[in-house]
Structure formats: structure tokens, C-alpha cells
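Work through these exercises with the structure open. Each task is followed by a solution in steps.

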Amino acid sequence: MNDTISDHTSATRSVSLLGLGDMGAAFARAWLAAGYSVTVWNRTASRADALVAEGATRAVSAADAVAANTLVVTCLLDDASVGEALESTDLTGKDLVDITTGTPTQARARATWAQARGARFLSGGIMAVPPMVGQPEAGGYVFYSGSSELFEARHEALAVPVGTRFVGTDAGHAALLDVALLSAMYGTFAGITHAFALVRDEDGIELKEFTPLLAGWLAAMLGAGLQMSGQPDSGDDTSDGGSSLAMQVAGIKTFVGTARDQGVSPELLTPYFDLMRRQLDSRHGTEGAKDLVDLLRSGSATVGRADG
Ligand code: NDP
């Protein structure tokens, strides 16, 4: 073990961080800026050079990094890399906080794995991009779930890089909420991508004028989307906001036809259209968008129908 590293079993202003990619490095810098003692390890050692110059302590191995502090944070590419990095480390008595993105199942398995090795475990889902880290006004945060004792004990340190939201003792729930929010983001990105593909090369349409129109429309429709998808306290499970599913399905040919006319693939929209048609064809329920959620959950909407 590197002799510059000492054990801080009772200290709260020290942390070991494994993983110095874009996100890990941003977390390290936030802790350094707040005066924390930060021990860092990265598989490619040279990636730690800049942080060491800024005051971090380099650990020559993952085992050394884990040994250096009680609070150990992993910010690696995926769950497999976490398993690989921690394989030969001694986690006895450690507070392991894994902010690597993964599935709920991976998080629960990692919790069991860590507990079997004598560690308390918290899983994190990061709702931020690196430039938001260390910038409280940017609104970034991390969902945490798992050991409430660990969260209580380490909250002050965890709250330094970005905000924190503890979402329960099921270690999988941070990952589930993370992926749910990101899934909605990607769906929105898909729609935005399609919209720009429709208009970008059209003579007489200026993107700088189109962009605020799109932003305004998305903001105006957000509430309707949340309500139609059946939020439990909306008070009306059947509301379609005055836009019946039958009307919307009748309009699909217009969307697909416009895409075709503009030389744009409708591939980003057709899965959602398929689901709407399937619900209408089934003639079940109330024809509300909440039923689309039920259809997805039943797993019965997997057959595509992408033609217009
Ligand atoms: P990067 O690709 O920049 O860094 C990946 C890190 O994982 C590097 O430190 C890399 O080491 C390490 N790594 C990969 N494979 C292994 C392995 N087998 N063993 C040990 N180390 C390994 O990713 P980010 O820092 O951007 O992301 C880290 C985590 O944060 C990811 O889970 C990501 O999903 C999540 N996240 C990132 C966001 C972002 O905008 N960047 C936003 C929200 C979450 P090496 O340098 O040696 O390759």
C-alpha cells in the first residue's frame, strides 16, 4: 500500500474514489474543492495525474484505495467493471457507495455481494452531467437507495458534489428511478430528433425560429402527457385531454406520410404508433393513454407495425 495513504476509519471528510472518467473526475474535484481528503484510483493510472496535481492522493491499486478510507465510492463504466475493480479488495467495515449506472437487478445483487463481504452498501443513480457537478444551482442530484444507516452517516460527504435523494432501502430503486427518468428523456430526444429531421433542410424554415416553437410546444404538452399516462392522483384515469385515441390513430397516416414526403424515416415514432393502434384494435378499456402503460406492462405489444 502507498505509504502516503492512511486509514481514516472514523473520519467523515475523507473519501476513496474508484473511477476517474468524466463523471468520477468531476466528483473528485468537487470533494477536493470542499477540502476533503480524496484518495483516487483509476485502471489507467495516468488519468489520475491531474487530480493528484490538484491535491488528491494516488492509490496504486484498487485494494489500496479501498483500504485508505471507510467511505469508498465507485464510479465506473458498468456493474461488471465494479465487480472487476473490487474483486481483490477487503470491504470489511467499509461504506461502499456505487454510483455506477446499472439495472435494479444488478444493484440488488451488488448490495447482497457487498454485505456478504462485510460492507454497508448504497446504490446511486446520477441525475446530472459532469458540468453540473459541484454547481448546486445546476440542480443535479443522485438517487440513493440501500442502507439508510450508511446514507445517514455519509450524507454530508455525499451531498458535496451534487444533491442527494434517498429513495428507500431497496437497493434497486435508485437505479429504477434513474432509468425511468432517462428513458423518458430518450423518448423525448427521439421526438425532437424526428422533428428536426422533418424541417431542417426545408427552404423557408429557419431552425432558429423553429427551435423556440418546439420548446414551447413540449413544455405545453408535458402536463397532458403526465396526466394521460395515469399518474395515480390525477383523479381521472380515463381522461384523454380531449384527444381521443381513435382520433390520434386516424392521424398516424398523416405523420408517416409527412415523414415519407420529407425523406425522413419514421422509425423513431412507429413503435409508439403501433402501441396506440394495438390498444384501439383491442377495444378494451377506456382508450386512454394509461391503457398504453398497461399494454407495455403486459409485454403483449412487441410486434411492430410500422407502415403508414
Ligand atoms: P467514462 O467512460 O468517462 O469512464 C469510465 C470509467 O470506468 C473509467 O475510469 C474507466 O477506466 C473505468 N473502467 C471501465 N471499465 C473498467 C474495468 N473493467 N475495470 C476498472 N475500471 C474500468 O464514464 P463516466 O465517468 O462518464 O461515467 C461513469 C459512470 O457514471 C457510468 O456508469 C455512467 O453511466 C454514469 N453517468 C455518467 C454521466 C455522464 O454524463 N458522464 C451521467 C450520469 C451517469 P479507464 O480510464 O482505465 O478506461
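**Exercise 1: the largest cavity**

Task: find which residues lie nearest the centre of the largest cavity, and which elements line it.

Solution. Among the 14 lining residues of the largest cavity, Asp98, Thr100, Gly102, Ala107 and Ser123 lie nearest its centre. Helix H5 (104–116), strand S6 (120–127) and helix H7 (173–199) each give two or more residues to this lining. A cavity is a set of points, on a 1 Å grid over the protein atoms alone, where a 1.4 Å probe fits but cannot get out; lining residues have an atom within 4 Å of a point. Helices (H or I, at least four residues) and strands (E, at least two) are DSSP runs.

The model is predicted: local features need pLDDT of at least 70, side-chain atom pairs count only at pLDDT 80 or more, and totals for chains, interfaces and linings use all residues. Residues are numbered from 1 along each chain, and side-chain values use heavy atoms, without hydrogens and water.

**Exercise 2: the ligand**

Task: find which residues of the shell are closest to the ligand, and which polar atoms face its oxygen atoms.

Solution. Start with the shell: 21 residues surround the ligand (a heavy atom within 4 Å). The closest are Met23, Asn42, Thr44, Arg47 and Thr101. H1 gives the largest share, 3 residues.

Next, take the polar contacts (N or O pairs within 3.5 Å). A polar side-chain atom of Arg47 is 2.7 Å from a ligand oxygen.

How values were computed: Polar contact = N/O pair within 3.5 Å; in protein donor to acceptor, adjacent residues only side chain to side chain. 1 Å grid on protein atoms, 1.4 Å probe; cavity = no way out; pocket = protein on both sides within 12 Å on 5 of 7 lines; lining within 4 Å.
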